[in-house]
Amino acid sequence: MAGQQPSTREAQGAGSRWAGAAGYLIGPAFLLIALLILALPGAAIPIQQTPAVDRASISIAPRRTPLGDPPVAVVNGMAHRCNDCHGIFESRENSQADLRQHTDIKLEHGLNNNCYNCHDRKDREKLALHDGSTTTFTHSEMLCAQCHGRMYRDWSRGAHGKTMGAWDPANPGFHRLTCVQCHNPHAPMFDPIEPLPAPHTLRMGDPGHGHHAEIQKKRNPLLQWSEPGGHE
Amino acid sequence: MSLRIYEGKGDGLGAACTCDHGGSSRGGPGARPGMTRRSFLRTGVGAAGGLAAFAAAISPLKDLASGDVPDLDTFLQKHYKEMNAQEMEAALDRIRARVEQRYGVRPEIRDIKPMDGVEFVYALNLSRCIGCRKCVHACVAENNQSRDPEIQYIRVLEMPRGTTDIEQGNHHYDRAKVPDENHYYMPIQCHQCANPPCTKVCPVQATWTEPDGVTVVDYDWCIGCRYCEAACPYWARRFNFTKPRLASPEEIEADPGIEARRLNPEMSYLSNRPRTKGVMEKCHFCLHRTRTGRMPACLEVCPVGARKFGNVLDPHSDVSNILKTKRVFVLKAEIGTLPRFFYYFDERDPTAQDLPAMEHGGHADEPAESATGGES
């Protein structure tokens with residue numbers, strides 16, 4: 001009888017004591033559930049201490065400040081124009097190995113290991129091009145282009161390098177950083193850098209396997225309570 | 001109802017009135033003729049249970065702070081597309097007041113409209129990306145994302161060389177220095193699809209694609225159902241499970257003004273204005289910057305120039321040149337979402353030394369190596 005529907009019981013009248021007992025239980029059941037919900041601590045979303053990121057690490061300044069025209073270099077703690085010295089002293093046909101000055105310069109530019117491949121021997125405030133002409137330090141990209149033609153092509157199209165200021169080429173703010181604003185011409189390869197902190201977000205992909213799974217489990221608050229290898 | 005049904009048969013006392021009048025007649029004090037000890041207990045326990053259940057259901061309200069409850073005007077605010085200029089200005093004024101109250105900073109918020117003849121496209125050079133995550137954190141700083149809990153629009157995957165299967169990528173690489181020579185790095189953010197699955201599933205049309213190709217969210221219209229998050233094949237949408245905070249409680253305790261300093265006061269209605277608990281957010285190509293001609297924050301911070309942005313309708317823009325001259329691909333092209341976010345590789349330099357992956361089983365056709373040998 002306990003399984004009968006209420007409408008059937010209403011029609012039958014007597015003989016529904018079991019069903020009546022079930023009716024008594026509805027109130028206490030609600031009460032119990034309500035107390036349980038109230039007594040439980042709120043389902044706090046686990047929040048992890050996330051590392052703060054320094055503003056300086058996300059600076060948008062170019063990597064380098066290249067020399068101007070005329071170039072002014074700091075040598076032995078004092079600012080000089082190149083020809084202050086090189087206008088007086090005869091320059092030797094030298095290589096990096098026997099430099100007495102500019103020893104802070106490490107020339108790591110592949111096969112390009114001679115100062116005068118790029119620097120003009122007569123006027124040290126100019127750069128020498130392969131055809132014998134010179135260019136200024138502020139227009140060094142044509143010098144680079146002599147060997148790195150493909151990169152120059154990509155750079156002038158915007159596929160290589162960095163365009164800053166504006167996305168519209170017609171906008172006056174639109175400008176491309178030159179080669180030497182990112183690359184050190186003496187050692188153009190970028191050194192590896194320290195990455196900024198990894199994510200600590202709640203959902204960040206399948207934990208994967210092995211070492212990565214352990215790292216993610218450590219970082220993902222929701223995974224801390226789940227079974228090893230479980231998905232979220 | 002069900003309580004009354006069983007009246008009059010167990011004890012027979014209430015038969016005179018219960019059958020004709022409703023259950024309401026039984027609610028009075030015990031003086032009523034139909035009320036017995038048993039029926040009083042039944043009613044009383046039922047009512048108490050119901051009240052307790054109701055209290056439990058509304059108990060989250062006890063955690064509400066004064067600023068959490070929207071005022072009537074905010075509550076009645078229309079959908080972004082239905083607001084006229086005066087209503088939008090009033091909405092912006094309310095946002096200004098709210099932000100000033102919460103952070104002590106008066107924001108410069110506007111509703112910046114899309115520009116005519118502009119469709120934004122992003123391109124990313126995977127040969128250059130070194131996985132430094134500067135874009136991730138510049139984006140967070142620019143767009144006022146929650147720091148605690150952490151919300152980030154950009155994910156950077158560390159990928160083994162020789163595959164573009166993003167299932168093999170790892171978000172959690174933790175190296176002293178990047179890049180690692182055995183890996184390449186693939187940042188993923190909203191692809192601003194031309195055929196976006198996320199906007200189709202929104203039950204309230206709180207997210208849509210603007211004429212310049214940017215998919216946006218009206219944070220005041222979003223109901224937080226997270227359908228769009230489930231629909232996005234690129235995992236580009238983020239949900240505010242809690243009230244977003246620009247600093248952790250410890251940081252705020254140590255320095256109460258830290259949130260105000262971290263807040264970027266340059267805002268627009270559809271982009272980086274502060275969000276609330278329970279709404280969805282996503283990358284919007286920094287539209288408060290890009291719609292005024294500037295570059296997105298992630299691009300400007302990139303230390304290797306891997307990121308490219310521009311107007312694809314302009315044949316002389318950087319992105320047009322890249323689409324014309326580079327071999328680009330999109331993620332999950334087969335599902336037909338038509339992303340406006342393109343990846344490309346540089347040709348391999350024929351004079352470069354073999355990369356490590358070539359030594360342990362890499363293929364000549366792997367993407368990082370996909371050079372056309374006779375290139376200039």
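**Close-up 1. The loop of chain B that holds B:Gln205.** In this predicted model, B:Gln205 sits in the loop between helix 7 (197–200) and strand 5 (207–209) of chain B, where helices (H or I, at least four residues) and strands (E, at least two) are DSSP runs numbered from the N terminus. Although B:Gln205 is not a glycine, its phi is positive, at about 55°. B:Gln205 counts as exposed because it has 12 C-beta neighbours inside 10 Å; a residue is buried if 20 or more other C-beta atoms lie within 10 Å of its own, exposed if 12 or fewer, and partly exposed in between, with the C-beta atoms placed from the backbone. Residues are numbered from 1 along each chain as its sequence is written, and chains are lettered from A and ligands numbered from 1 in the order in which they are written. As the model is a predicted one, local features need pLDDT of at least 70 and side-chain atom pairs count only at pLDDT 80 or more, while totals for chains, interfaces and linings use all residues.

**Close-up 2. A positive phi at B:Arg133.** The phi of B:Arg133 is near 65°, which is a positive value in a residue other than glycine. B:Arg133 belongs to the loop between strand 2 (120–125) and helix 6 of chain B. B:Arg133 is buried, because 26 other C-beta atoms lie within 10 Å.

**Close-up 3. The surroundings of B:Ser271.** B:Ser271 is found in the loop between strand 8 (266–268) and strand 9 (280–282) of chain B, and B:Ser271 counts as buried because 26 other C-beta atoms lie within 10 Å. When residues up to four places away in sequence are not counted, B:Ser271 touches B:Asn143, B:His284, B:Cys286, B:Leu287 and B:His288, a contact being a pair of residues whose C-beta atoms, placed from the backbone, lie within 7 Å.

**Close-up 4. An open sheet of 4 strands in chain B.** The strands of this sheet follow the order 10-2-12-11, with mixed pairing, and two strands are taken to pair if DSSP finds at least two bridges between them. Strand 10 and strand 11 of chain B stand at the edges with a single partner strand each, so one side of each is left without a neighbour in the sheet. Strand 2 and strand 10 of chain B are antiparallel and pair over 5 bridges, and B:Phe120 has B:Asn311 in strand 10 as its bridge partner. Strand 2 and strand 12 of chain B run parallel and are joined by 4 bridges, with B:Leu124 bridged to B:Tyr343 in strand 12.

**Close-up 5. The two faces of strand 2 of chain B.** In a regular strand the side chains alternate between the two faces of the sheet. From strand 2 of chain B, B:Phe120, B:Tyr122 and B:Leu124 point one way, whereas B:Val121, B:Ala123 and B:Asn125 point the other way, and all are buried. Strand 2 of chain B is thus mostly covered, with 6 of its 6 residues buried.

**Close-up 6. Helix 13 of chain B across the strands.** Helix 13 of chain B lies across strand 2, strand 10, strand 11 and strand 12 of chain B and runs at about 110° to strand 10; the axes are lines fitted to C-alpha atoms, for helices over the stretch in contact, and angles run from 0 to 180 degrees between N-to-C directions. In this helix (residues 318–325), B:Asp318, B:Val319, B:Ser320, B:Asn321 and B:Ile322 are buried. The cover over the buried residues of helix 13 includes helix 5 (149–157) and strand 5 (163–164) of chain A, together with strand 2, strand 10 (307–311), strand 11 (328–329) and strand 12 (341–344) of chain B.

Conventions:
Two residues are in contact if their C-beta atoms, placed from the backbone, lie within 7 Å.
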